Amino acid sequence: MSGGSKEEIVIVGGGPAGAAAACILAGAKRPVLLIERDAEPRHKVCGEFLSIEAQTYLAHLGIDLDALGASSISRLRLVRKRKLIEVGLPFVAKGLSRRILDEALLQQARSRGARIIRGMAVRTVSADPSQIRIDTGAHGTIAAGAVFLATGKHDVRGVKRVSAGAMDDLIGFKMHYRLARKQQQALEDAVEIILFSGGYAGLQLVEQDIANLCLVVSRKCFEQVGKSWDSLLDHIVDECPHLAERLQGTEPLFERPLSIFQIPYGFLHLADPTEPQGLFRVGDQVGVIPSFTGEGMSIALHSGYLAASIFLAYGRASSLFHHQMRFDIQRSIRLASILNHAVRHAMGQQAVFHLCRIWPATMQHVTTLTRVQEASMSRALLAP
Ligand SMILES: Cc1cc2nc3c(=O)[nH]c(=O)nc-3n(C[C@H](O)[C@H](O)[C@H](O)COP(=O)(O)OP(=O)(O)OC[C@H]3O[C@@H](n4cnc5c(N)ncnc54)[C@H](O)[C@@H]3O)c2cc1C
């Protein structure tokens, strides 16, 4: 693909949003080229909690989570200092590592006829009224009729997100562990949300005996505790003996944790009347929900479905998609942002914990209210 080539539809990024769009478009027999920067499957910073909505989309795409080895999660524990509250989740969630899930989704897209190029990074995207140009550096330039921008947290030159106003002082970390047998049994069937000063962590089993510890912490706290993963863990386990117990006799499965900086939590793309048509922003490129609620993948899948179905019905009408998407997710993002703000500060944490203790159903309500609503899902799932 050196020099210049022409494509009808190009998807940039092969995470859940890009892969879902590729599956729908290729399934409708449209020629689709998906470009993914990573040459090989890899781990990504994520709590790896799959809500019921995410599972519904994945099932429609032919992904069998149980066959892939996903864990089941039906209880939620909220832990703060020495106290713990437990409630049943309003649905059975699943845990599966992103390295397995993202690969299975790309495999589905390929089997439906999408062409997938791996190990190629898009450098710049520029759009004019009739076509969009994609610069892939040494691999040349592609002119496309429509582009689905699905690069997740990574912005691409020429089409960067305008994320002013979003909270971006948080750092995300993820580490996989093989837990001691007793701790593995104690964690089975549950997701544990651990509140600590400066942030919060999620701990759950993903496939088989692997546990995922994923957390976000304010930059200020990270610097205060010594700016290293070890010092951060010490800070958390000092405050929360529950986590110290879980990590006793544990084996870290990565040499060092994965990390992500400046996550623009609360970002929601605002369609602008002058924006070029044919450029569909999907997944984290259209909206970033704070991770506390474990809903990012379901929003990513929803956006991939909806963008593809609007393209199939109305062509390059990306503003129509962006308006609809804003309508579908703005309530969830607002509520999750308020919660995220609260649980980062000691007083907010105390208030949230107290409310959940006297009224445990609060936790269930929150998990329900921050979900993509059924009517929006049904609309997106009407895609051919
Ligand atoms: C700390 C944290 C915890 C989270 N926990 C959960 C959770 O438990 N449950 C949940 O549902 N959601 C969670 N999320 C959110 C979830 O991870 C994201 O919302 C989701 O991954 C977004 O999917 P996506 O397809 O938009 O982007 P991504 O999954 O980020 O995929 C983007 C893809 O694009 C590729 N790419 C990037 N740039 C280029 C380029 N220039 N050219 C070509 N390819 C490119 C990348 O390699 C990648 O494969 C969490 C997020 C964070 C930060």
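This is a predicted model: local features need pLDDT of at least 70, side-chain atom pairs count only at pLDDT 80 or more; totals for chains, interfaces and linings use all residues.
H3 has a set of buried residues: Arg98, Leu101, Asp102, Ala104, Leu105, Leu106 and Ala109. Their packing partners are H1, E2, strand E3 (49-50), helix H2 (52-60), strand E6 (115-118) and H8. After H3 comes Gly113, which has a positive phi near 115°.

The shell around the ligand holds 38 residues, and the closest are Glu36, Lys44, Gly47, Arg98 and Met297. Sorted by class, this shell has 17 nonpolar, eleven polar and ten charged residues. A polar side-chain atom of Lys153 is 3.1 Å from an oxygen atom of the ligand. Polar backbone atoms take part as well: one of Gly296 lies 3.3 Å from a ligand oxygen, and one of Ala150 lies 3.5 Å from a ligand oxygen. The ligand taken alone exposes 1000 Å², and the protein buries 95% of that area. Helix H1 (16-27), strand E2 (32-36), strand E13 (210-218) and helix H8 (296-314) each give two or more residues to the shell. H8 gives the most, with three residues.

Glu48 sits in the loop between E2 and E3. Buried means under 20% relative accessible area; Glu48 has 0%, and therefore counts as buried. The side chain of Glu48 makes a polar contact of 2.4 Å with the side chain of Lys174. Leaving out residues up to four places away in sequence, Glu48 touches Lys94, Gly95, Leu96, Ser97, Arg98, Lys174, His176, Gln204, Val206, Asn212 and Met297. Two of these names, Arg98 and Met297, are also among the residues closest to the ligand.

The C-alpha atom of Gly249 is 9.0 Å from that of Arg178, although 71 residues separate the two along the chain.

How values were computed
Residues are numbered from 1 along each chain as its sequence is written. Side-chain values use heavy atoms; hydrogens and water are left out. A residue is near a molecule or strand if one of its heavy atoms lies within 4 Å of it. A polar contact is a pair of N or O atoms within 3.5 Å; within protein, one must be able to donate a hydrogen and the other to accept it, and residues adjacent in sequence count only if both atoms are side-chain atoms. Accessible areas come from the Shrake-Rupley method with a 1.4 Å probe; for residues, only the protein chains shown count as cover. Helices (H or I, at least four residues) and strands (E, at least two) are DSSP runs, numbered from the N terminus. Ala, Val, Leu, Ile, Met, Phe, Trp, Tyr, Cys and Pro count as nonpolar, Asp, Glu, Lys and Arg as charged, and the others, Gly among them, as polar. Buried means under 20% relative accessible area, exposed over 50%, partly exposed in between (1.4 Å probe, protein chains only). Contact means heavy atoms within 4.5 Å.
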